[in-house]
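Reader: I have the model open. Let me test the labels put on it, one by one.

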Amino acid sequence: MSTHPISSSAATAAAVTSKAIERMHAEARAPLLAHFLALSDADRRLRFGRPIAESVIASYVDGIDFARDTILGVRDDQAHVIGVAHMAFDGDSAEVGLSVLPGYRKRGIASALFGSAVARARCYVRGITMLFPAINAPILRIAKRFGMAVRFSSGDAEARLDVRSTPAAPPTNEHRAREFA
């Protein structure tokens, strides 16, 4: 298994909070691939909804349409991608997938990425959807924090949000979202 050496020291994690969310383009394919390959098998299941092999992840990254979709990322001090939001557009809606490397979780990075995705989506679509395993408690918390309607079915969850009638970031997370904007 290929992994990306990412430091998760407290000093590095604290420095990340001063980093901005960036829109990523095609030249970021290699860092994106490294990010997804750094996720454990369990984390890959939570992010992609099922167990997923390295070759499938590589095909997924190769297939990202950077002209159509929006990829947002946060990097650490060594420029490694530590958090990603992939917003795939389809008609009047977009599906968002989020991932943050383990050493950087519980710092508001995923919420900030999602808030930025919601703000960007307002310009293009009416709604955002997140599909995820129902056991993905962090994504469920984000969905609830942003006021998404969540439906559960057969161990999976689907969260929907009308982005044109919702604030870009929940009031309880405004400060954290501004840190990454």
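Reader: Which residue in S3 is the bridge partner of arginine 75?

Author: Valine 81 is the partner of arginine 75. Bear in mind that this is a predicted model.

Reader: How do you know that S2 and S3 pair?

Author: Pairing takes at least two bridges between two strands. S2 (residues 70-75) and S3 (residues 81-90) are joined by 6 bridges. So the two strands pair, and they run antiparallel.

Reader: What is the order of the strands in the open sheet?

Author: The order is S1-S2-S3-S4-S5-S7-S6, 7 strands with mixed pairing. Neighbouring strands in this sheet are turned by 25° against each other on average, direction ignored.

Reader: What makes S1 and S6 edge strands?

Author: S1 (22-24) and S6 (149-153) each have a single partner strand, so one side of each lacks a neighbour in the sheet.

Reader: Which strands does helix H2 lie across, and at what angle does it run to S3?

Author: H2 (residues 29-37) lies across S1, S2, S3 and S4 (93-100). Its angle to S3 is about 105°. Angles of 65 to 115 degrees count as roughly perpendicular.

Reader: Why are H3 and H4 called oblique?

Author: The axes of H3 (residues 41-48) and H4 (residues 54-62) cross at roughly 40° and come within 12 Å. Under 35 degrees would count as roughly parallel, and roughly perpendicular starts at 65. The crossing angle falls between these limits, so the helices are oblique to each other. H3 passes H4 in a left-handed crossing.

Reader: Which residues meet there?

Author: From H3, Arg44, Arg47 and Phe48. From H4, Glu54, Ile57 and Tyr60. The contact residues divide into 3 nonpolar, no polar and 3 charged.

Reader: Now the loops. Why does alanine 79 count as partly exposed?

Author: Its relative accessibility is 41%. Buried means under 20% and exposed means over 50%. Alanine 79 sits in the loop between S2 and S3. Its phi is positive, about 70°, although alanine 79 is not a glycine.

Reader: And why does lysine 106 count as exposed?

Author: Lysine 106 has 83% relative accessibility. The cut-off is over 50%, so lysine 106 counts as exposed. Lysine 106 is in the loop between S4 and H5 (109-121). Phi of lysine 106 is also positive, near 65°, in a residue other than glycine.

Definitions and conventions
Residues numbered from 1 in each chain as written. Predicted model: local features only at pLDDT ≥ 70, side-chain atom pairs only at ≥ 80, totals over all residues. Heavy atoms only, no water. Helix = DSSP H or I, 4+ residues; strand = E, 2+ residues; numbered from the N terminus. Axes fitted to C-alpha atoms, helices over the stretch in contact; angles between N-to-C directions. Contact = heavy atoms within 4.5 Å. Buried < 20%, exposed > 50% of the residue type's maximum accessible area, 1.4 Å probe, protein only. Parallel < 35°, antiparallel > 145°, perpendicular 65-115°, else oblique. Left-handed = near helix turned anticlockwise from the far one by under 90°. Nonpolar A, V, L, I, M, F, W, Y, C, P; charged D, E, K, R; others polar.
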